[in-house]
Amino acid sequence: MEPRVWHKSYPKGVPTDIDPGRYRSIPEVVKQTCERFAERPCFTNMGVTLTFKQVDELSAQFAAYLRKDLGLAKGDRIGLQMPNILQYPVALFGALRAGLVVVNTNPLYTAREMEHQYKDAGVKAVVIMANFARNLQDVLPALGEGGVPPKVIVTELGDLFPTVKRVLINAAVKYVKKLVPPFAIEGSIQFRDALSKGASHEPMPDVAMDAEDLAFLQYTGGTTGVAKGAMLSHRNVIANMEQSAAWMAPRFVEGEEIVVTPLPLYHVFSLTVNCLLFMRYGAKNILVTNPRDFPAFVKLLQKERFTVLTAVSTLLNALMNQPGFGEIDFKQVKITVAGAMALQRPVAERWKQLTKSTIIEGFGLTEASPVVCCNPVDGTDRIGTIGLPFPSTDIRLVNEEGQPAVQGQPGELVVSGPQVMKGYWKRDDETAKVMHDGWLYTGDIAVMEPDGFFRIVDRKKDMILVSGFNVYPNEVEEVVAKHPGVLEVGAIGVPDEKSGEVVKVVVVKKDESLTEQALIEFCRESLAGYKVPKFVEFRKELPKTPVGKVLRRALR
């Protein structure tokens, strides 16, 4: 890449370019890393640890099961629907070694959300945690090709560590007010039995993969409310992993890091940074199954020695307000990374005051695998900015006409680089809306400072960001509009101390007896918890354009 303004601000030792072709596939990265750090701890959860060698062996067994017993072939899609448990990386690496395309799915999705995503992706198998399997059972008949529903592998927390007491297992999956009991899907197989079957086969080489082959369909709303699968190739994800590795090189040492992972691995930031980047570094990865159990999370941080913590701004803020936080030893912590949502300045300043550890903020989006920019890790970070573009990443700011914005003036941030997706799965029309001549139009409005640091100043799109998770107004409005008592609706995001933003809907009633609580309960049936409106406001009319479109900006 030709020199850019921001290159002069790069920390010492960080290259301006990386080699996205260093590895042909993610399994190649995993295989080499597992051989190199074989006896080191790789993933830890609830006091049980898998070494790199064990991860290699177990993922090979799972890959053999998928190929030999289920007959899945290269390019077939498989859904992974689990929180942060040991089975996730085993299933992930096993699926990729079998040549499959992974469809990461929030285990808390409702049946409606699950059906859309799995039907759109055409999944042929699903690995799901038993506590969240009932909704999958409900939609299975609607999935599959030619009337053949996908194969289901059900897992429970105890599958890889049966000695853990059931009371601990139950505590770890308390994502909702009531613990959802395990559910057995007829015709499914237990994860541990799948591993056993895979182990009975003769060892086989991984499926040959090319860098441009798809690795993930990572679903996102893009610029609209319809969930679309961002097609991320092995090259895309490896490039972002290599970019991240080059960026972190001034602070991290291979084989010595210990990272705490509360953000779920099915989220693209945690997937690339926590799961893949730190595995490449030979780090020990402490998986937190339920970070919202704050007393347990604080005890974990008090007990474990760690060098890196990655989280979202709202989680870091909540942690600082927990009893016992002051007893956590941060002396060995090199950096704290805030991803998935904007870092709030008061949180960053208080965190540094209490822990003497710097929070590093960056910027990314699913369509870029996901990281585009990041603040330096050498102490030259700048609170309030998203940092500098990654190595091998080019950024332009353009005005409404698509022309370069005047220096110092806001413009839409468009990005080009090896981490940018191939497009949206089976949606060429939607791809054309955000990609032009190899440039990805992010919908975020930014300003570049003279030394190449960027600041996000506005959003062109109406996305709502709840604790790092995207919520698209169209989807919420579609559900609300189905209520017989609703005439019109507009959904917006409003500020919230705990989660950054929450969903609010402004409604024109068709039935005057409709109440706020009744509408919220109606939404719970079709929307994951973080998408459910927290506020409902009733009005006589909504602001609209001359053609009748609801003006969300006016509502805000």
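Reader: How close do the axes of helix H3 and helix H9 come, and at what angle do they cross?

Author: In this predicted model, the axis of helix H3, residues 87-97, comes within 13 Å of the axis of helix H9, residues 268-280, and the two cross at roughly 80 degrees. Angles of 65 to 115 degrees count as roughly perpendicular, so H3 is roughly perpendicular to H9.

Reader: Which residues make that contact, and how do they divide by class?

Author: From H3 the contact takes Tyr-88, Leu-92 and Phe-93, while H9 contributes Leu-271, Cys-275, Leu-276 and Met-279. By class, the contact of H3 with H9 has 7 nonpolar residues, with no polar and no charged ones.

Reader: How should I read a sheet, and what is the strand order in the open sheet of 9 strands?

Author: Strands of a sheet pair through backbone hydrogen bonds, and the pairing may be parallel or antiparallel. Here the open sheet of 9 strands has mixed pairing and runs in the order E2-E1-E11-E10-E12-E13-E14-E15-E16. Strand E2 (48-51) and strand E16 (388-389) stand at its edges, each with a single partner strand, so one side of each is left without a neighbour in the sheet.

Reader: How many bridges join strand E13 to strand E14, and which residue of E14 does Val-337 stand opposite?

Author: Strand E13 (residues 335-338) runs parallel to strand E14 (residues 359-364), and 3 bridges join them; Val-337 stands opposite Ile-360 in E14.

Reader: Which strands does helix H8 lie across, and which strands does H9 touch?

Author: Helix H8 (residues 234-248) lies across E13, strand E15 (371-374) and E16, and its direction runs at about 15 degrees to E15. H9 also packs on the sheet, where it touches strand E1 (41-45), strand E10 (258-261), strand E11 (284-287), strand E12 (308-311), E13 and E15, with a direction that makes about 160 degrees with that of E10.

Reader: How many cavities does a search of the whole structure find, and what volume has the largest cavity?

Author: Rolling a probe the size of a water molecule over the atoms shows where empty space is left. For the whole structure, the search finds 3 cavities of 30 Å³ or more, and the largest cavity has a volume of about 50 Å³.

Reader: Which residues line the largest cavity, and which helix gives the most to the lining?

Author: The lining of the largest cavity consists of Ile-26, Val-29, Val-30, Thr-33, Val-237, Ile-238, Met-241, Leu-276, Met-279 and Arg-280. At least two residues of this lining come from each of helix H1 (26-36), H8 and H9, and H1 gives the most, with 4 residues. By class, the lining of the largest cavity has 8 nonpolar, 1 polar and 1 charged residues.

Reader: At what angle do H1 and H8 pack, and which residues make the contact?

Author: H1 and H8 pack at an angle of about 45 degrees, and their axes are 9 Å apart, which means that H1 is oblique to H8. The contact is made by Ile-26, Pro-27 and Val-29 of H1 together with His-234, Val-237, Ile-238 and Met-241 of H8. The residues of this contact of H1 with H8 divide into 6 nonpolar, 1 polar and no charged.

Reader: What should I look for in the backbone angles at Pro-370 and Asp-437?

Author: Most residues other than glycine have a negative phi, and most peptide bonds are trans. In this model, the peptide bond from Ser-369 to Pro-370 is cis, with omega near 0 degrees, and Pro-370 lies in the loop between E14 and E15. Asp-437, a residue other than glycine, has a positive phi near 55 degrees, and its place is in the loop between strand E20 (435-436) and strand E21 (439-448).

Reader: What is the strand order of the open sheet of 3 strands, and which strands does helix H15 lie across?

Author: The order in this open sheet of 3 strands is E25-E26-E27, with mixed pairing. Strand E25 (486-496) and strand E27 (535-538) stand at the edges, each with a single partner strand, so one side of each is left without a neighbour in the sheet. The twist averages 25 degrees from one strand to the next. Strand E26 (residues 500-509) pairs with E27 in the parallel sense over 4 bridges, and the bridge partner of Val-506 in E27 is Glu-537. Helix H15 (residues 516-524) lies across E25, E26 and E27, running at about 130 degrees to E27.

Terms used:
Residues numbered from 1 in each chain as written. Predicted model: local features only at pLDDT ≥ 70, side-chain atom pairs only at ≥ 80, totals over all residues. Heavy atoms only, no water. Axes fitted to C-alpha atoms, helices over the stretch in contact; angles between N-to-C directions. Parallel < 35°, antiparallel > 145°, perpendicular 65-115°, else oblique. Contact = heavy atoms within 4.5 Å. Nonpolar A, V, L, I, M, F, W, Y, C, P; charged D, E, K, R; others polar. Pairing = 2+ DSSP bridges. 1 Å grid on protein atoms, 1.4 Å probe; cavity = no way out; pocket = protein on both sides within 12 Å on 5 of 7 lines; lining within 4 Å. Points joined across faces, edges and corners; volume = space filled by probe spheres on them.
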